[in-house]
Amino acid sequence: FYIKPAEHKGLRLSSSAMSKPVDTRSVGQSSVVSSMSNVSGQSPPKPSDPRKAERLVHYKRDYYIPGLGHIPQEILDQPPLFYSHEDEQDAYYSISPSGGGTSTDGDSQLFSSSPSTVQFGSGSPESLAGSLASMDIRQKQKRVMVQTPSSKKLEAPRKPAVPEKGPDVTKDIAKCKANSETILDLSGNRLTALPPAVRDLNCVTEMYLYDNKLTQLPDEIGAMVSLEKLMLQQNCLTSLPLTMQYLTKLRVLDLRHNRLENRIPAVIYKLYGLTQLLLTYNKIAEIDPDIGSLISLTVLVVNRNTIRMPIPSSIGTLRQLKKLDLSHNKISEIPDEIGKCILLSDVNLQHNNLTALPESIGELRNLTRLGLKYNQLTSIPKTLANCQKLDEFNIENNDIATLPEGLLSSMKRLTSIVLSRNQFVHFPPGGPSQFTNCLSVAMDHNEIGSIPVGMFSTARHLTKLDLNTNNIQALVPENMINLRQLVELDLGNNRLTCIPDEIELLQRLETLVLSHNSINKLTEKIGACVCLRRLELEYNELETLPAEIGHLSELREINLISNKLATIPLGITLLPLVVLRLSENCIREVPREIGHMTNLKELYLNDNRDLENLPSTLSLCSKLELLNIEHCRLSLIPTEIVSCGSNVVMQFLKQVYNYEKNCHVQEL
């Protein structure tokens with residue numbers, strides 16, 4: 001209904017209130033407007049402002065429907081049901097006396113507001129009519145939605161969802177055609193379809209369409225007969241048009257990060273001139289024998305798919321192939337014909353289900369890299385010794401217990417050997433010569449019980465040795481003499497009880513890991529490792545540290561978690577440490593000298609249950625960012641301070657230090 005007063009305009013309703021339809025029955029009977037319309041002829045309550053009272057003198061109104069006349073009394077007698085949003089349990093119209101005149105804010109505010117606001121409550125139909133009588137409805141009528149008891153709930157109209165349109169690239173295509181450009185770059189435009197106008201681009205040799213939303217290509221792409229490079233990675237392609245077979249000059253096809261499923265699209269096998277085919281991150285489950293038709297391929301990358309079936313023997317016809325990447329699939333078998341791809345220099349087969357390698361792999365004499373880690377191999381073929389150009393040998397995480405005799409020794413160019421996570425009980429046969437040129441050797445996570453004497457006697461270039469997680473019980477001093485070039489030595493998770501004094505020979509050592517052993521004493525000669533920057537000694541049985549540890553002027557991190565230390569050695573406080581881990585020890589006291597560690601950023605003291613107090617000088621560690629004091633007794637610090645966390649504890653210590661300084665009671 002359109003409702004407006006028949007005469008005097010007195011009250012105005014704020015536009016914010018009109019924007020919220022209200023069920024007036026949910027509001028109490030105590031509103032002023034309701035009381036104004038209780039009895040016909042009764043005078044309304046007089047406000048304190050005489051001018052407002054004057055405007056409310058004629059508060060009775062006759063209401064009519066424009067074009068139809070006055071509102072029948074029986075309609076007024078029915079309780080109107082102003083609907084409200086289901087989340088607005090208590091909604092109000094705010095009515096306030098107006099200052100008179102006409103509102104100046106246009107259609108955005110139908111009623112003006114003032115400090116004296118009257119709430120529009122529920123009540124009888126008469127009270128509703130009386131309250132409406134005081135409203136100022138302007139000439140431009142506002143639509144009010146009213147819900148009668150028999151009608152359905154009204155809903156605000158919703159705008160239909162407009163499908164997102166991709167950008168118009170026809171101008172780019174037209175410009176490319178007009179200028180006879182050879183490169184067309186439409187990447188990163190969120191394209192959902194490629195315009196058929198590309199058929200006119202006869203001069204384009206390179207087209208970049210990566211990072212779009214293409215689900216298919218138009219058949220007209222087959223008319224781009226000069227195309228040599230087509231980059232389609234990072235789209236949503238599930239198939240390719242058959243007309244692509246006419247792209248006889250195409251050399252590079254990049255389809256990484258798409259949605260190709262099951263098999264490689266058959267049209268690809270008809271692109272006989274392809275030299276590079278990239279199919280990373282699709283859902284290809286099988287490579288067809290037709291792969292052999294791509295005799296010009298030099299790079300074939302089909303990694304990170306779901307290939308389960310054996311690789312077809314026709315791959316042997318790819319005599320120009322130099323790089324083959326089939327990693328991160330579920331391949332269980334490689335054919336013997338792989339040995340015919342004699343130009344192969346990079347073969348990546350890691351993260352598959354291979355149980356054996358063909359003997360013909362030894363024919364790949366140009367191999368410089370062979371990735372075999374994370375498979376299920378139980379042996380390595382002896383013929384691999386023919387691959388003299390290999391500079392890395394990585395068989396991590398297989399089931400190999402030994403290697404063919406002299407295999408590593410025959411590979412003169414090896415600089416990196418990774419035998420980690422296998423079943424080795426002894427060092428591989430071959431003697432010291434197998435490590436002559438190595439820079440890095442990793443044999444962690446095996447079952448090796450000892451290091452043979454002289455095993456590293458020729459390893460003059462070795463800088464990294466990782467023997468973590470084995471069964472080594474002792475270090476032979478003679479071996480230390482041959483490891484002078486070591487920069488990183490990892491002997492963690494073994495059965496060591498001591499470290500030989502010859503450790504002092506490792507003058508270039510920067511990282512020493514001895515964690516998770518049974519070491520109860522650290523040799524004083526450790527102080528000679530002047531380049532040491534990181535020392536890991538957690539989970540041992542150390543009760544103290546030698547004073548010579550204070551000579552390690554380059555040490556930045558020391559880990560002493562879970563030992564038997566009763567106090568922090570003073571030598572540690574002399575070091576420029578950044579990280580100090582002392583958790584799970586028996587520390588009862590922290591020395592005041594800790595205040596000298598001005599470079600300290602992380603201090604772990606948690607789970608030292610006998611620790612009673614912290615020195616106030618700890619507050620002098622101005623760079624400290626992390627202080628862990630969980631599960632410490634700290635009985636000499638007020639409980640309410642400790643319960644607030646380490647930040648409040650540091651503030652407390654700073655106040656104590658300032659007090660001590662002012663009172664001249666420092667005990668340094």
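**Ground rules.** I am working with a predicted model, so local features need pLDDT of at least 70, side-chain atom pairs count only at pLDDT 80 or more, and totals for chains, interfaces and linings use all residues. I number residues from 1 along each chain as its sequence is written, and side-chain values use heavy atoms, with hydrogens and water left out.

**Whole chain.** I looked up the secondary structure and found ten helices and 28 strands. These are DSSP runs numbered from the N terminus (helices H or I, at least four residues; strands E, at least two). The chain has 668 residues, and 46% of them count as buried. Buried means under 20% relative accessible area, exposed over 50%, and partly exposed in between (1.4 Å probe, protein chains only).

**Asp 444.** I found Asp 444 in the loop between β20 (440-442) and β21 (464-466). Asp 444 is buried but has no salt bridge. A salt bridge needs a side-chain nitrogen of Lys or Arg within 4 Å of a carboxyl oxygen of Asp or Glu. Which side chain of opposite charge is nearest to Asp 444? It is Arg 421, 4.7 Å away. Lys and Arg count as positive, Asp and Glu as negative; His and the chain ends are not counted. The side chain of Asp 444 does make a polar contact with the side chain of Ser 420, at 2.5 Å. For a polar contact I need a pair of N or O atoms within 3.5 Å; within protein, one must be able to donate a hydrogen and the other to accept it, and residues adjacent in sequence count only if both atoms are side-chain atoms.

**Arg 421.** I then followed Arg 421 to its own partner. Arg 421 forms a salt bridge with Glu 396, with the closest N and O atoms 3.7 Å apart. The pair links distant parts of the chain, 25 residues apart: Arg 421 lies in the loop between β19 (416-418) and β20, and Glu 396 in the loop between β18 (392-394) and α7 (407-410). Arg 421 is partly exposed at 35% relative accessible area. Glu 396 is buried at 16%.

**Other bridges.** My search of the whole structure gave 14 salt bridges. Arg 633 forms one with Asp 610, the closest N and O atoms being 3.8 Å apart. Arg 633 also forms one with Glu 612, at 2.9 Å. Arg 633 is partly exposed, at 48%. Asp 610 is partly exposed at 31%, and Glu 612 is partly exposed at 24%.
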